[in-house]
Amino acid sequence: MAERFDRIWHNARLATMRADRPDLGEIEHGVIAARGGHIVYAGAAGDFPADADAIERTNCEGRWITPGLVDCHTHLVYGGNRAHEFELRLKGASYEEIARAGGGIVATVAATRKASEADLIASALPRLDALIGEGATTVEIKSGYGLDTETELRQLAAARSLGRQRRVAIRTSFLGAHALPLEADGNKDRYIDLVCNEMLPAVAKVGLADAVDAFMEGIAFSTEQTTRVFETAKGLGLPVKLHADQLSNLGGAALAARFSALSADHLEYTDEAGAAAMAKAGTVAVLLPGAFYFIRETQKPPVEAFRKHGVPMALATDCNPGSSPLTSLLLTMNMGATLFRMNVAECIAGITREGARALGVLDETGTLEAGKWCDLAIWDVERPAELVYRIGFNPLHRRVWRGQ
């Protein structure tokens with residue numbers, strides 16, 4: 001009796017992104033079959049049963065299929081915007097100068113604290129829809145614009161609600177250690193006490209976070225303060241990730257590796273020792289060219305060192321109101337290529353397989369292979385390089401999430 005599937009996509013070219021295949025893991029004459037929202041078969045048409053049956057069959061007419069895209073680093077949920085700071089930067093002010101003058105993250109904190117959960121959802125939906133419209137099927141969203149327990153929980157609840165209002169997988173990260181709120185009166189240690197003793201236990205109790213993040217930098221938190229956050233997170237059974245080495249090298253990459261972090265993100269000032277530590281720990285390097293471009297940085301992340309040591313590299317939008325108001329993974333890939341000199345395979349892997357790895361969900365998504373969620377992006381392109389090459393053009397033909 002012929003095997004029956006829910007859906008079959010045939011006459012397709014596959015970029016499977018499987019790590020056990022070279023480059024993009026291309027299959028020129030490919031088929032994907034799904035049942036129950038999962039991929040049952042993704043491979044060559046010649047190896048697929050000719051008599052297979054399905055409720056629905058789609059002739060892809062030679063189009064390319066990649067895994068659904070993964071944006072593994074966003075700050076999608078926030079109140080207000082910071083267009084005024086953009087104007088200041090155009091007049092010569094630096095990101096650090098604006099932050100020290102009371103702008104930056106704390107300005108968004110004020111707007112976010114005033115916003116209801118419904119307000120946060122309403123303002124975030126257009127940003128999420130832009131990502132979905134380019135093929136995103138998994139999106140990470142951080143808190144970090146509340147800096148008090150009530151607002152941090154509200155941000156995380158809004159993020160989770162987005163996943164119920166749209167057909168997309170949402171992963172949440174608690175980023176209470178993002179900046180120092182004004183009411184802390186400059187006392188970072190006392191604020192970290194609040195993060196560790198009140199915020200993190202509250203977040204863990206209601207199960208609103210999939211991971212814990214922190215910003216380790218001169219304008220944010222020290223090695224010792226970040227270590228306290230990570231130790232608390234680990235004690236609560238939550239994996240960690242880190243905003244590391246963006247503006248200076250404080251050893252963030254090495255600290256992330258010490259805690260077996262899912263990822264270390266930004267990494268412009270990471271040294272070779274940090275890269276080697278990340279490789280040993282299996283920590284993913286998440287590169288954020290949107291922020292590099294927007295705040296006009298000149299220090300590039302050490303891509304060659306990551307290659308040399310075999311550190312997996314992901315790409316993400318870093319969508320946020322102050323340093324990367326970017327909602328395009330396609331443009332992110334182009335920036336990764338043109339600014340950081342990543343190649344086509346690295347760029348596409350960065351927003352599929354390695355993005356999933358950076359979120360700890362590579363066993364669920366990020367490649368086209370049996371057992372994973374049937375999250376697909378079907379493209380009107382002649383070759384996958386077009387996804388990286390074009391600027392301001394969206395060739396998405398169809399997006400499939402959970403097989404539909």
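I began with the second largest pocket, whose lining has 6 nonpolar, 1 polar and 4 charged residues by class. For these classes, Ala, Val, Leu, Ile, Met, Phe, Trp, Tyr, Cys and Pro count as nonpolar, Asp, Glu, Lys and Arg as charged, and the others, Gly among them, as polar.

I noted that this is a predicted model, in which local features need pLDDT of at least 70 and side-chain atom pairs count only at pLDDT 80 or more, while totals for chains, interfaces and linings use all residues. Residues are numbered from 1 along each chain as its sequence is written, and side-chain values use heavy atoms, with hydrogens and water left out.

I looked up the space in the second largest pocket and found about 180 Å³. A pocket here is an open set of points on a 1 Å grid over the protein atoms alone, where a 1.4 Å probe fits, with protein on both sides within 12 Å along at least five of seven lines; lining residues have an atom within 4 Å of a point. The volume is the space filled by probe spheres set on the points, which are joined across faces, edges and corners.

I listed its lining residues, among them Phe306, Arg307, Glu346 and Arg353. Helix 11 (303-309), helix 13 (344-350) and helix 14 (353-358) each give two or more residues to this lining. Helices are DSSP runs (H or I, at least four residues) and strands are E runs of at least two, numbered from the N terminus.

I then turned to the largest pocket, which holds about 350 Å³ of space. Of its 18 lining residues, Ala99, Arg100, Val106, Leu180 and Ile219 are the closest to the centre. Helix 2 gives the most to this lining, with 3 residues.
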